[in-house]
Amino acid sequence: MTTAGRADQPDQPDQPDQPDQPDQADQPDQCSYTLSVNGQEHELRGAWMGESLLYVLRNRLGLPGAKNACEQGECGSCSVLVDGELVCSCLVLAATAGGREIVTVEGLGAGERFTDVQVAFTETGAVQCGFCTPGLIVTVHDLLERNPRPSELEIREAISGNLCRCTGYGRILEAVETVRDARLAAASRAAPVAAGATRQEGAG
Ligand code: FES
Ligand code: FES
């Protein structure tokens with residue numbers, strides 16, 4: 001291949017500078033931000049400012065776990081954690097969640113493994129049509145993180161913002177109590193082992 005022909009061409013006159021094209025993000029009702037969801041960063045470019053976090057999770061990021069039922073903060077089916085705080089994602093503007101840690105129901109298990117809460121829900125029959133289930137799973141996960149020994153009343157209070165039209169709540173309550181009791185039993189079995197290890201270290 002030769003470049004001789006190109007060298008013979010006369011110099012082209014300088015082209016005038018083109019004016020900058022407006023960036024989509026510069027439009028008055030659009031913005032760009034980064035969402036951290038379940039440990040992964042997602043760049044949103046030229047998104048409409050009014051999009052809810054629920055909309056962005058489902059329609060832009062392909063995470064359908066949070067459900068869309070009322071879009072008014074009434075049913076809890078869209079529950080997610082934002083910086084560890086339980087919120088209705090239909091009431092949060094996605095653009096305001098930039099730089100915060102968002103956890104959805106998809107991010108609670110380890111890979112494909114179900115959490116103990118998810119297993120208890122399925123084994124006790126607390127899942128019927130399943131529409132309320134992802135929101136309840138996130139809510140129960142949050143409850144047990146904050147309070148490992150909730151009373152029945154505290155469980156009822158915690159899930160009172162999650163509407164379920166199928167189960168009558170009895171089996172949901174049973175599922176939460178099953179996980180609570182199993183975790184407490186595991187912790188009490190682990191405690192003597194840890195105490196023994198400490199004594200041995202002290203003796204050595
Ligand atoms: S869809 Fe968000 S609370 Fe109902
Ligand atoms: S299982 Fe159907 S709404 Fe709860």
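**Entry 1. Contacts and confidence**

I then read the confidence values. The pLDDT of the chain averages 88, and 82% of the residues score at least 70. Residues 1-10 have a pLDDT below 50, and beyond near neighbours in sequence I find zero contacts for this stretch in the model. Where pLDDT is low, predicted coordinates should not be read in detail, and I have kept my entries to other parts of the chain.

**Entry 2. Overall make-up**

I counted the secondary structure of the chain as six helices and five strands. Read from the N terminus, the order of elements is α-β-β-α-β-β-β-α-α-α-α. The chain has 204 residues, of which 30% count as buried.

In what order do the five strands of the open sheet lie? I read the order as 2-1-5-3-4, and the pairing is mixed. Strand 2 (40-48) and strand 4 (85-88) stand at the edges; each has a single partner strand, so one side of each is left without a neighbour in the sheet. I also looked up the angle between neighbouring strands of this sheet, which are turned by 40° against each other on average, direction ignored.

**Entry 3. Strand 1 and its partners**

I followed strand 1 (residues 30-37) to its partners on either hand. With strand 2, strand 1 pairs in the antiparallel sense over seven bridges. With strand 5, strand 1 pairs in the parallel sense over two bridges.

Thr34 stands opposite Glu43 in strand 2. Ser36 stands opposite Glu41 in strand 2, and Ser36 also stands opposite Glu101 in strand 5.

**Entry 4. The hairpin turn**

Strand 1 and strand 2 form a hairpin, with two residues between them. I looked at Asn38, which lies in the loop between these two strands. The phi of Asn38 is near 50°, a positive value in a residue other than glycine. Is Asn38 buried or partly exposed? I find 17 C-beta neighbours inside 10 Å, so Asn38 counts as partly exposed; a buried residue would need 20 or more.

**Entry 5. Helix 4**

I next examined helix 4 (residues 133-146). Helix 4 lies across strand 3 (79-82) and strand 4, and runs at about 40° to strand 3. From its first C-alpha to its last, helix 4 reaches 20 Å with 14 residues, close to the 20 Å expected at 1.5 Å a residue.

Why do I describe helix 4 as largely enclosed by the rest of the structure? The reason is that eleven of its 14 residues are buried. The buried residues of helix 4 include Leu136, Ile137, Val138, Val140, Leu143 and Leu144. Thr133, Pro134, Gly135, Thr139 and His141 of helix 4 are buried too.

I looked up Phe114, which is found in the loop between strand 5 (101-103) and helix 3 (116-124). Phe114 counts as partly exposed because it has 14 C-beta neighbours inside 10 Å. Which residues does Phe114 contact, leaving aside its neighbours within four places in sequence? I find Gly109 and Val119.

Lastly I looked up Tyr169, which lies in the loop between helix 5 (152-158) and helix 6 (170-203). Tyr169 has a positive phi of about 75°, although it is not a glycine. With 17 C-beta neighbours inside 10 Å, Tyr169 counts as partly exposed.

Terms used
Residues numbered from 1 in each chain as written. Chains lettered and ligands numbered in written order. Predicted model: local features only at pLDDT ≥ 70, side-chain atom pairs only at ≥ 80, totals over all residues. pLDDT = per-residue confidence, 0-100. Contact = placed C-beta atoms within 7 Å. Helix = DSSP H or I, 4+ residues; strand = E, 2+ residues; numbered from the N terminus. Buried ≥ 20, exposed ≤ 12 C-beta atoms within 10 Å, placed from the backbone. Pairing = 2+ DSSP bridges. Axes fitted to C-alpha atoms, helices over the stretch in contact; angles between N-to-C directions. Expected span 1.5 Å × (residues − 1).
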